[in-house]
Amino acid sequence: MTLVETILVFAVIPLAIYGAVALLTLRERFAKSPRYRPGQEWEHPPVWWTANPAGLGADHACAAPAADAAAPTRTAKGGARGGW
């Protein structure tokens with residue numbers, strides 16, 4: 001093997017492979033739109049997320065009791081107490 005063939009096999013070909021892999025992994029970063037950074041103006045409509053989409057309708061029960069309903073009897077003391 002000549003010196004040129006040696007450099008080609010042991011330097012240029014591995015560098016070409018590394019370059020191809022680097023371009024394949026970085027292509028998504030270049031194709032995406034810029035990320036939002038704190039302090040920038042938000043240009044998109046608000047999106048409300050919930051873990052229970054069925055609970056978003058008007059037919060779901062309200063957590064607050066009605067004004068004319070009797071207050072529920074509470075039996076638990078609550079808090080973070082413990083007895084040893």
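Helices (H or I, at least four residues) and strands (E, at least two) are DSSP runs, numbered from the N terminus. The model is predicted: local features need pLDDT of at least 70 and side-chain atom pairs pLDDT 80 or more, while totals for chains, interfaces and linings use all residues. Residues are numbered from 1 along each chain as its sequence is written, and side-chain values use heavy atoms, without hydrogens and water.

Buried means under 20% relative accessible area, exposed over 50%, and partly exposed in between (1.4 Å probe, protein chains only). Of the 84 residues of the protein, 0% are buried.

Helix H1 spans residues 3-31 and includes Arg29; Val9 also lies in helix H1. Val9 has a relative accessible area of 38% and is therefore partly exposed. Arg29, in contrast, counts as exposed because its relative accessibility is 62%.
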